[in-house]
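Keep the model open beside you as you read.

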Amino acid sequence: MIQKFVIAFIWSIGALFLLWTLLHDGIGLETIEELLWFCLSATTIVIAAPQLNSKPLFYGWSFYCLGLLLDVLDGYFEFALVPILLLDTSLKSIGFILVCYGMLLLLASKKATIAKLNLEIAAKQQLEEKLRYDAHHDPLTKLGNRKACFDRFAQLSEQYSWLYYFDLDNFKHANDEYGHHVGDNVLTLFANALTAHFQHDTVFRLGGDEFVAFSNEGPEQLTDLRTNLTTPLKQYQVDTSIGATKTDAKQAPDKILCQADAKMYRDKSRH
Ligand SMILES: Nc1nc2c(ncn2[C@@H]2O[C@H](COP(=O)(O)OP(=O)(O)OP(=O)(O)O)[C@@H](O)[C@H]2O)c(=O)[nH]1
């Protein structure tokens, strides 16, 4: 409301000056042009003022308007008023410098805001990455977890022709006899043995002491594989049972896992 009132006031004053110009000879077109620039510039600052939260920009713009007003006035006074003559150019120049300075400050503050936003985006991306990693990995062994295994099952079944299912033997005893931390260490040692033998991204911990791995190597040398994987676990009297089954990308993961699990149980009864 106040804004509209001020704008109306500016243009009324402008209209009065224009009327004066038309009624009195001797005032040139140049003054009318200056009057127009003053009215336009003053109107713009009145409209923009509520959004301007930069003081240099506001004062610079105001000084510039004041300079324009003095420009107008010196065309209407027949005798040269020294302060007006001196001030109009100076005010316009000071206004211009202040506007430039205000713009510079504004750009600098925007730059800082953009840098801060970039940091926040990077932190958010890192957090998302960590959440994604946590959702697909076992925190103890760092292997892919059950979800990761099921997510990649079809793709790995196309790439590899065998699925191996491992379940540790006597693991509960190791836990009870040596403590949970040693049990954790046994799981980590076994996971490391698996990733040393198979490719890291084909090995998963399904949960507890159960693991799976995809491979193109057939189960002909199962005894050697068992010896290779369990050598680091011998000190804790832990062994592993193994079930191997052919992969089939067209079958549901549960079905293939069930087959491998059944073979693993057959192997467990070897003792
Ligand atoms: N230390 C440790 N123990 C675990 C973890 N997850 C499961 N367990 C334990 O692993 C044990 C698995 O028990 P069982 O499947 O009977 O183990 P087992 O003695 O090898 O018996 P079989 O599998 O029948 O040969 C349980 O006692 C669980 O509490 C783990 O992350 N860390």
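Start with helix 2 (residues 29–48) and helix 3 (residues 55–76), which pack at an angle of about 155° with their axes 9 Å apart. Here the axes are lines fitted to C-alpha atoms, for helices over the stretch in contact, and angles run from 0 to 180 degrees between N-to-C directions. Helices (H or I, at least four residues) and strands (E, at least two) are DSSP runs, numbered from the N terminus. Because of that angle, helix 2 is roughly antiparallel to helix 3; angles over 145 degrees count as roughly antiparallel, under 35 as roughly parallel, 65 to 115 as roughly perpendicular and the rest as oblique.

Before going further, note that this is a predicted model, in which local features need pLDDT of at least 70 and side-chain atom pairs count only at pLDDT 80 or more, while totals for chains, interfaces and linings use all residues. Residues are numbered from 1 along each chain as its sequence is written.

Which residues bring helix 2 and helix 3 together? On the helix 2 side they include Leu35, Trp37, Phe38 and Ile45, and on the helix 3 side Trp61, Tyr64, Leu68 and Val72 are among them. Two residues are in contact if their C-beta atoms, placed from the backbone, lie within 7 Å. By class, this contact has twelve nonpolar, four polar and three charged residues. In that scheme Ala, Val, Leu, Ile, Met, Phe, Trp, Tyr, Cys and Pro count as nonpolar, Asp, Glu, Lys and Arg as charged, and the others, Gly among them, as polar.

Now look at the other partner of helix 2. Helix 1 (residues 2–23) packs with helix 2 at an angle of about 175°, their axes 9 Å apart, so helix 1 is roughly antiparallel to helix 2. Among the residues that meet are Ile10, Trp11 and Phe17 in helix 1, with Leu35, Cys39 and Val46 in helix 2. This contact has twelve nonpolar, five polar and no charged residues.

An unreviewed UniProt entry lists residues 6–23, 35–52, 58–77 and 89–108 under "transmembrane region". Over residues 6–23 the model is 100% helix, with the end C-alpha atoms 26 Å apart. Residues 89–108 are also 100% helix, and there the end C-alpha atoms are 29 Å apart.

Stepping back, the protein chain has nine helices and four strands, running α-α-α-α-α-β-α-α-β-β-α-β-α from the N terminus on. Of its 271 residues, 27% are buried.

Strand 3 (residues 210–215) holds Ser215. Is Ser215 buried or exposed? It counts as buried because it has 20 C-beta neighbours inside 10 Å; the cut-offs are 20 or more for buried, 12 or fewer for exposed, and in between for partly exposed, with C-beta atoms placed from the backbone. Leaving aside neighbours within four places in sequence, Ser215 is in contact with Tyr160, Trp162, Tyr164, Phe198 and Thr202.

Finally, visit two loops. Most residues other than glycine have a negative phi. Lys142, in the loop between helix 4 (82–136) and helix 5 (146–159), has a positive phi near 65°. Gln237, in the loop between helix 8 (222–230) and strand 4 (239–246), has a positive phi of about 60°. Lys142 is partly exposed because it has 14 C-beta neighbours inside 10 Å, and Gln237 is partly exposed with 13 other C-beta atoms within 10 Å.

Conventions: UniProt positions renumbered as here; feature names shortened; annotations may be inferred.
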